[in-house]
Amino acid sequence: MKKIKVKAKVAEKEKVQLKIDTDFIRLDAALKLANIAVTGGQAKMIIGDGQIKTDGEVCTMRGKKLRSGDSFEFDRKIYEII
């Protein structure tokens with residue numbers, strides 16, 4: 001049996017900047033700011049389902065404080081707090 005090598009290109013993740021005027025923003029509020037969730041309940045479900053990554057790890061803390069320079073990932077997009 002002959003082995004075949006396959007090369008796959010993985011698309012780069014889109015980066016989106018979210019500007020805040022406060023010291024921090026809670027993760028659930030950041031989802032609403034980014035138009036990922038329309039309501040706080042929807043944000044709670046998205047976070048609770050483990051669909052959000054912060055620092056490369058799944059985050060289920062909806063009250064997690066994000067400060068300038070922090071980022072989170074959802075649906076192959078990286079959202080950076082500025």
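**Salt bridges and strands in a predicted model**

Five salt bridges are counted here, a salt bridge being a side-chain nitrogen of Lys or Arg within 4 Å of a carboxyl oxygen of Asp or Glu. This is a predicted model, where local features need pLDDT of at least 70, side-chain atom pairs count only at pLDDT 80 or more, and totals for chains, interfaces and linings use all residues. Residues are numbered from 1 along each chain as its sequence is written, and side-chain values use heavy atoms, with hydrogens and water left out.

Let's begin with the charged pairs. Side chains of opposite charge can pair when their charged atoms come close. Strands (E, at least two residues) are DSSP runs, numbered from the N terminus. Lys13 is partly exposed at 31% relative accessibility; buried means under 20% relative accessible area, exposed over 50%, and partly exposed in between (1.4 Å probe, protein chains only).

Another salt bridge links Arg26 and Asp28, with the closest N and O atoms 2.9 Å apart. Salt bridges with shared partners join Arg26, Asp28 and Arg62 into one network. Within it, Asp28 is buried at 11% relative accessibility, whereas Arg26 is partly exposed at 36%. Lys19 and Asp21 also meet in a salt bridge (3.8 Å, N to O), and both of these residues are exposed.

Now follow Glu73 into its strand. β6 (residues 71-74) pairs with β3 (residues 53-54) in the antiparallel sense over two bridges; strands pair if DSSP finds at least two bridges between them. Here Glu73 is the bridge partner of Lys53. β6 also runs antiparallel to β7 (residues 77-81), joined by four bridges, and Phe72 stands opposite Tyr79. Two residues separate the strands of the β6 and β7 hairpin, in which Asp75 takes a positive phi near 50°.

Finally, visit a residue on either side of β6. Thr54, in strand β3, is buried at 7% relative accessibility. Beyond residues up to four places away in sequence, Thr54 touches Cys59, Lys64, Leu66, Ser71 and Phe72, contact meaning heavy atoms within 4.5 Å. Ile78, in strand β7, is partly exposed with a relative accessible area of 23%. Leaving aside neighbours within four places in sequence, the contacts of Ile78 include Lys13, Phe72 and Glu73.
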